[in-house]
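Visitor: I'm new to this one. Can you walk me through a few parts of it?
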Amino acid sequence: MIFALAALLLAATEPAMTDGEVWNEGVSFYRDGDVTNALKTLRPLLLSKTHGARAAEVVAKLEYEKGNLEEAANAAQIALRAAPEDAKANRNFTRATDRLPAIREEEHLKSVLKAAEGKDPGAMLLAATKDCRALMSESGAYRTNRAEKAVALADALSKRAERLSDSWIPVRELIAQSVTNEEQAATISAQIDAARKKTKDAAKRLSDLDPEAYPLLSDAEHDFTRFVKLTVMPPAAMDEDLVAQSNAWLDVEQFNGRSWQQDALDYTRAFRSKFPAWARAYEQQAQSDTNKPPFTAEDQAKISGLATELEKLQMECVEKSLPPNQEDALRIINEIRELLPKDNNGGGQQQQKNDQQQKNDQNQQQNQNQQNQDQQQQQQDQQQTEDENKDNDKDKDEPDEGDQQDSEDQEVEAVLKKAQERSDEHEAEKKARMRKAPLPPNERDW
């Protein structure tokens, strides 16, 4: 113990090496080919006033040879700052930084694709579409806040838009793997790259508090929606169809210049185009997975007939200024969704919850109507003149119209709520099937 303490005291009293001595030691390691010790010795000298530039030049060379371009670029920048007019320093900096953007992008693509492994690109694209719409709504109001809060909001929106641009990467990878026609694949990939660039430009403009970010987000939302309609699978297509048709029925204001009724028709057409192949694939999977609920040929035929009827009806709704039978379109959509295979365990329970909630809402509405009628009767008994009685009769009629409107609103809310619940059930069902799916033969532990 005494000897150890003495050694520490002796080391503390020894003078530290000067920058020149450290430089000489690092150069010795470098000349001997000991790259590891050379870098370890010279890196602390990078901020030295006397030897920083020379150390940075050597470190940049060694890091570049090792392929560490980020470290090489940092060291080359230090050397360049010490001698901005030096031709050699400029060449070294250019050589170290030329490939950095491409390498950074490549590493970023790898990380995004790794994070997206096992996920459905279509579902990711649909989620990104909804987030893009939320960004559009929020980007129109953040600048009305005080400066410091507006800056913070703009920074948060910019980061969301940057993440949103990454949603295109798995989609482009999917297109590259699935499209055999090289010319077609190149065309689609170019469109995806252009859409991603719009989203990234919107992120930059949001960070600069530039009002031009909104038009870029608007264009990006159109791109997201277009590709969603191209990639959406039948169950999700019916979910989006229900939302769009409900908005058309309620005459909700158009979003981003598109008609809700046209959107509903587009999702119906997407459903019809993909349903036969999707149904066949489902049948094949169900043969090897007993946990999958059955999907009979009768149900498939009925769904195909309903989808044909739905498309014809929605085409009439698009073409006519006073759309007919929009409620029939909603009824058909719900019927198709009921016929699509769903989780045996959760589906029935959820339906019972929905039915019970609907009954509760109806009972609550009936109680409210009864209370209104009692109040109206009391008002009638208190009136003395015939004119006042007539006025009361008018007042008595008015609550009935209000009750009818409230009932319609509740029905629509129930439809939208059910759409969201069924969408959540579908995602849970997919995850459950993935967990229960048997391993392929080449991955089994024999």
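Visitor: Which residues of helix 9 are buried?
Guide: The buried residues of helix 9 are A150, A154, L157, S158, R160, A161, L164 and S165. Buried means under 20% relative accessible area, exposed over 50%, partly exposed in between (1.4 Å probe, protein chains only). This is a predicted model: local features need pLDDT of at least 70, side-chain atom pairs count only at pLDDT 80 or more, and totals for chains, interfaces and linings use all residues. Residues are numbered from 1 along each chain as its sequence is written, and side-chain values use heavy atoms, with hydrogens and water left out.

Visitor: What do the buried residues of helix 9 pack against?
Guide: They pack against helix 8, helix 10, helix 11 and helix 12. Contact means heavy atoms within 4.5 Å. Helices are DSSP runs (H or I, at least four residues), numbered from the N terminus.

Visitor: New topic. Is T231 buried or exposed?
Guide: T231 counts as buried because its relative accessibility is 18%. T231 lies in helix 12.

Visitor: What does T231 touch?
Guide: Leaving out residues up to four places away in sequence, T231 touches G122, L125 and K274.

Visitor: How far apart are the C-alpha atoms of T231 and V171?
Guide: They are separated by 9.1 Å, with the two residues 60 residues apart along the chain.

Terms used. Helices (H or I, at least four residues) and strands (E, at least two) are DSSP runs, numbered from the N terminus.
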